[in-house]
Amino acid sequence: MPNMKTLGAILIVLGLLVSIIGYGSYENVMCYCGAQTAANPIGCHCGNALQQIMGHIMVYSGLMIAGSGMIVFTKWWRKKIIFS
């Protein structure tokens, strides 16, 4: 069953990449501009709630993809040991 091994490895790598991309897009809702947070001046970057929600969704879905890849890989590993 080399297909299960390959599928598991691909899912693990893909899931970790999605989690890293999701974590990189995550930004807090707060502004980081010192005393000028209320005015939100030009050059002050503030994350919005949609970015935060999308970041969470990507991180957790990436972890679920990687987890399913680990399950597929361990099923292949157990079949390899049992049938050896």
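This is a predicted model: local features need pLDDT of at least 70, side-chain atom pairs count only at pLDDT 80 or more; totals for chains, interfaces and linings use all residues.
Residues are numbered from 1 along each chain as its sequence is written, and side-chain values use heavy atoms, with hydrogens and water left out.

**Overall numbers.** I checked burial next: 18% of the 84 residues are buried. Buried means under 20% relative accessible area, exposed means over 50%, and partly exposed lies in between (1.4 Å probe, protein chains only). The protein exposes about 6,300 Å², and carbon and sulfur atoms supply 73% of that area. Those areas come from the Shrake-Rupley method with a 1.4 Å probe, and for residues only the protein chains shown count as cover. I also looked at contacts, meaning heavy atoms within 4.5 Å. Of the contacts with a separation of 6 or more, 73% are between residues 24 or more positions apart.

**Gly8.** I went to helix H1, where Gly8 sits. Gly8 is buried, at a relative accessible area of 0%. Skipping residues up to four places away in sequence, I found Gly8 touching Gly69, Val72 and Phe73.

Still in H1, I picked Ser19. Ser19 counts as buried at 9% relative accessibility. Beyond its neighbours within four places in sequence, Ser19 is in contact with Met58, Val59, Gly62 and Leu63. Ile21 belongs to H1 too, which covers residues 2-25. Is Ile21 buried or exposed? Ile21 has a relative accessible area of 54%, so I logged it as exposed. From Ile21 to Gly55, 34 residues along the chain, I get 8.3 Å between C-alpha atoms.

**Tyr60.** Over in helix H2 I stopped at Tyr60. Tyr60 counts as exposed, with 51% relative accessibility. Tyr23 is 37 residues from Tyr60 in sequence, and their C-alpha atoms are 9.7 Å apart.

**Surface patch.** I found a nonpolar patch made of Leu50, Ile53, Met54 and Ile57, with about 390 Å² of accessible area together. Patch residues have over 30% relative accessible area and no salt bridge; like charges are joined within 9 Å, nonpolar side chains (Val, Leu, Ile, Met, Phe, Trp, Tyr) within 5 Å. A salt bridge is a side-chain nitrogen of Lys or Arg within 4 Å of a carboxyl oxygen of Asp or Glu. Leu50 lies in H2, residues 49-82. Leu50 is exposed at 57%.

**Aromatics.** I got three aromatic pairs. In one of them, the ring centres of Phe73 and Trp76 are 5.3 Å apart and the planes are at 45 degrees, so I call the pair tilted. Rings of Phe, Tyr and Trp (its six-membered ring) pair if their centres lie within 6.5 Å; planes under 30 degrees apart are stacked, over 60 edge-to-face, the rest tilted. Phe73 and Trp76 are about one helical turn apart because they are three residues apart in H2. Phe73 is partly exposed at 27%, while Trp76 is buried at 11%. Ring pairs link Phe73, Trp76 and Trp77 into a cluster.

Key:
Helices (H or I, at least four residues) and strands (E, at least two) are DSSP runs, numbered from the N terminus.
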